[in-house]
Amino acid sequence: MSEEEHCKIKPEEVTRRDFLKTATMWTAASSLGLALLGSLKFPKPALFPDIPKTFKIGKASDFPVGTEKVFKEKSVVVQSHRDGLCAISLICTHLGCIVKAERKKFDCPCHGTKFDDEGRVVYGPAPKPLEWLKISQLPDGKLEVNIAKSVPLGTKFLFS
Amino acid sequence: MSLTEFFKNILRLPKTLKESIIRHGKPTSDRTKSEVVMSNIFLHIHSTRIQRYTLKKTFTMGLGVMAAASFFILIVTGILLMIYYKPSVDLAYDSIKDIQFIVPGGRFVRNMHRWATNVMIVTVFLHMARVFYTAAYKRTRSFNWLIGMALFCITLALSFTGYLLPWDQLAYWAVTICANIAGSARELTDLLGITRYFDVGGLIKTIILGSEEIGQDALIRFYWLHCAVLPLLMIVILSVHVWRVRKDGGLARPDEIKPEELAGIEVDEKAEEVFNNAPQKTYGLMCLVKGKTPLVNKGPEDTIPSWPILFIAEFSIFMFILAICCVLAYFIDAPLRELANAAVPENPAKAPWYFLGLQELVSYSALMGGVGIPTIALLGLALIPYLDREEQSVGRWFDNPTGIKVTINSVLYSSIVTIGVLAFTVKFGWLRNWFPDISQLAIILINPGTVLVAFFVLWSMICMVKYDSTRLSAIALFTCFLISFAILTYFATYHRGPNWDFFWLKSQWPIH
Amino acid sequence: MDKFFRKIILASSLVIILFLLLAAWRENLSMDWQKYQQKYKQELFHLAQNDQEKQTAEEYEIKLRQIVLPKLGRSDRCVTCHVAIEDIRMDHMEQPLKSHPGDYLDKHDLNETGCTVCHDGQGRAITVDAAHARDPHEYWEKPLLDKPFIESNCVRCHANTLTQTPNYNYGKALFKKKGCFACHSIRGLGGAKGPDLSDIGDASFHVKMPTAENREGLLNRFNGNVNLAYLHEAIVDPAAQPKETLMQKVDFSDDEVAGLTVYLKSLSSQRRVMDIGVSEVQSSTPLTFPTKSKASEVTGASSKGYAVFNDNCISCHTVGDGDRVGPDLKGIVGRRKMKWLREFIQYPSKLINAKDPIAMDLLKKYDVVMTDMGLTDEDVDEVIKYLKNPEAVTVVSKVKTDTKDQEALTQGVSPEQVSKGIALYQGKQRFVNGGPSCLACHNVKSPDVFSGGLLAKDLTTSFSRLGGMGLGAILKNPPFPVMKKAYKDKPLTEDEVSAVLAFLEKVSLENQKEGGKESSIEFGLILLVIGLSGLFGLFLLYFLFWINKKNKSVNSKVYDRQLKSEDD
């Protein structure tokens, strides 16, 4: 390293810094930076072309206590208990396989995770229990499940 | 102690990393300035020192760099657009709409892409004219002129293939027209009655479109050309183009340069030394470079270090073009019409503006206008450096006062002839209107397009005889074609309406 | 020098920064939908009565919204502004925050049908102007439809007559009553004198006429909707049409124009059910629809009159095949006075306007006003000559059918209909009223289906033999005893009939095509010749290479020598 330095001709002292020079450098850099920033935003569209995150499941009267309905396309099971309705996502929290809803338990076919009837992990690699989803009532009385919104495990919704 | 050394190394990491990347000091001395250029693969497309004449603003006007800058913008915006564009007949149009509406900055990027295309085409045209008028195709640069022609063709092909991709009415019908122009060799084979056995026009057309009609196959082919083949070719050939400029000793320049021509350009005090024609010691390597050999320990004649001035100049041109594209992209949206509909033609269906001059000629005869005259023009352009081998000074616009005079005369002549022929055709029609049964061969041979070419060739011959100079004759011919092309393009853009009829203004177009 | 370039950089960079920021502002901060959603959120707070509703209001996100309909290839982002479209509490708000009127959304789930299927407009757009697509200078397709015209989109899905679409129903009846299909055809049914109207609802200024200039008045009447403006003009002012038109101006009332516009607007490629309203008349007298046969040679004394009849009258009248839209004209010359006949053929409207008793009777009976076809005196003479003696014509039909014309016809049939027809035919999809599948009794030569029963006739060429109309009539009202019994209480619906027809049409076309393979043989011959000449050329080339070659291998000498020495 010292050898390299030795070889170099001593740089001349920079005596005067032109204002124009600095200003130019910084505005040019910031304009290109801004353009870069803008194009980094480009790959994420404002809306994704997938099916809606919310879907309607009918009215509360369609779910008498004890019913269980699986919405295959959306991978959600809706159960009606005495203390209200709940929607449980059927997507395994390990790597996103779709779990099989069986009596009082959920089994994941990919890596063997087993969940109990409330979606807690009983056995296997999944790090988290199955997601419970929010059910809300629309002004016209219809119920709507929001796949994007999870609620704490065990939350049940009571509708009239 | 290796352990302490190790921790020291960690502390020194930023410094050592920087030094390993930039292996020279601050560019303050001649040597370090050269090192900046030499040790960087991207900057070393330029030599370490450049002729002061190169920086003369009125000489190149930065046109070549402008074209390259717009090409760079096109690559960046094009790569961005590729994220969303779907080359399928069913999805293409909707994907463009999505880019317009829900992609962050999508509308702006698409507009930029569109406008950079137009800027590139204009600057490529002007760059070619600059090289021609400054005689920069002479001496060792003949082949580079040919490479430039190839780049010119690729530029047009790129913008043409990109024109179809939105899959709207404008695109569909513009490309239909161009595809039919490509297939117009059929006119000749039809005439000879051999189309059944030897259908060149049909072959070319089907190869371009991948089918008889414009459809999914054409779209995917155009996409393939536009996004892969042509850009790759462009980059490779552009590299050769720039590399040859460098190997030819930088830009062309006059043999004798008056000091006042270089007014305002920086001077390197150490480069005052003039070449000795019999140097005692020279750099042997320099034999590879054409031109005179420089002395050891003495700065070459009238040069300055290219760092930083040349790079600042080029960067400024890039920023200038970027700014222009931004302004245009903000105010004017790229066109997007209705979804392509093969059943309902646009009327008038116009090609992209840079092909409208040709479309005007095509309206007289598809074969001559679409194939014949462009071939003649391109061939003529390509052969200029080989046919005009006059020894002369290069690097000055129009060479000398006589050149200026010839150019002005040619501009006047070709304007009058072109406007005259157009006016005549609009007013009186052409052969088919007078003799309805005339053979197509007569139309192919004698139509306003060929008449124009004949007029220009005649003029160029006159100049050749009068001034006894191939260069001046070439100037005359080139000017005639350039001006005529500009006038035809203007005419077809603004004065041709439905059914390719003549109209003074768009508001005069018929209701239907 | 240096300074000059630096100044350019400085100025350019400032311009770039300015315009990038402007573009970012325009796109992210100046959008109308953000204001609407803010307003909706405020209203939610305002209406909230309990904690839960307050929480919902608080959780309401300001973001772009959409309904994606992959099956329909649509993404409707209308709900980005019309956020309250399903919220019945927002009845009192102003657009775009008003809830949807009526009970339409109960039957049409928004997540299944979306908005643009009924309303048109640019579903993908997120600005008011672009979404409503009403600016005639912007080349936007499918502008938003207003009150009466929206009816034309109901028929995209609903086959049966709806009470909610009075204008459409009126227009459909009018189209028949005014005799429009004497000249215009829809899906191959109707006259050929005027343009085909199958997809007329998709036509607009931009595709029919290049400029929207000079048309402000007309466009303003339709809120800038170019499609409707075009249709309106085409109905009201035929003279404004581009080509030399034969259509005459008819004085329609405003209601009639509105009805016809709605009906024409409904005729688009997206329409699933095609029923122009003539089929009810047809079913009583099943007959093929004689199309103008270009391929046939007509000779005989009345051939000129036959041609005139073919061009003008055949869509409504027959000679000896029974009444259709208009009366059967067999023996008409004997029944009516010559002078009256001449006048009525040439100017029917004149007689009707003059309340001529016979004309009024006919109008009462058939309920369709005969159209002035613009015949010359000579035409009328010839046609009367033909009607006097319709037998004096021999039509020699060329064997080769014009496949190109046939193909043009089939293009009107959508592949969905064909596939539905295949399913129905095979019984994979059941007929709504429970009729048995066709396959049980009939056979068809087609790669799409298995061979069927041999109880009844082979249907491969049925379409070309009987035509769409005849087959349709048979399907609706079977004249054959077994078939009649099988479908007695289980008639096919209109939709099913057209699907099965579409399939049979395809089959018959495919078989016709297979018949005409001569051209490929010719092509094969050319290929053979090219191949042979190429081979010959290659031999020539080889010959050129070999001309100086030794005819023995290089080391044969050595080999020979060795052999010799061995001998020794």
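These legends walk you through close-up views of two chain interfaces and of the confidence in one chain.

This is a predicted model, in which local features need pLDDT of at least 70, side-chain atom pairs count only at pLDDT 80 or more, and totals for chains, interfaces and linings use all residues. Residues are numbered from 1 along each chain as its sequence is written, chains are lettered from A and ligands numbered from 1 in the order in which they are written, and side-chain values use heavy atoms, with hydrogens and water left out.

**View 1. Where chain B meets chain C.** Here 49 residues from chain B and 43 residues from chain C are in contact (heavy atoms within 4.5 Å). The area buried between the two chains is about 4000 Å², with 64% from carbon and sulfur atoms; buried area is the accessible area (1.4 Å probe) that two parts lose on being put together, summed over both.

View 2. Look for D98(B) and R124(C), whose side chains form a salt bridge at 2.9 Å, N to O. The interface of chain B and chain C has three salt bridges by the rule (a side-chain nitrogen of Lys or Arg within 4 Å of a carboxyl oxygen of Asp or Glu).

View 3. On the side of chain B that touches chain C, the elements giving two or more residues are α5 (92–101), α6 (106–133) and α12 (309–331); helices are DSSP runs (H or I, at least four residues), numbered from the N terminus. Of these, α12(B) gives the most, with 14 residues. By class, this side of chain B has 30 nonpolar, eight polar and eleven charged residues (Ala, Val, Leu, Ile, Met, Phe, Trp, Tyr, Cys and Pro count as nonpolar, Asp, Glu, Lys and Arg as charged, and the others, Gly among them, as polar).

**View 4. Where chain C meets chain A.** In this view, 28 residues of chain C touch 27 residues of chain A, and the two chains bury about 2200 Å² between them. There are four salt bridges between chain C and chain A. One of them joins E59(C) to K149(A), with the closest N and O atoms 3.6 Å apart. On the chain C side, α1(C) gives the most, with twelve residues.

**View 5. Confidence along chain B.** The mean pLDDT of chain B is 86, and 93% of its residues reach 70 or more; pLDDT is the predictor's confidence in each residue, from 0 to 100. Take care at residues 274–278 of chain B, where pLDDT stays under 50. For this stretch the model has seven contacts beyond four places in sequence.
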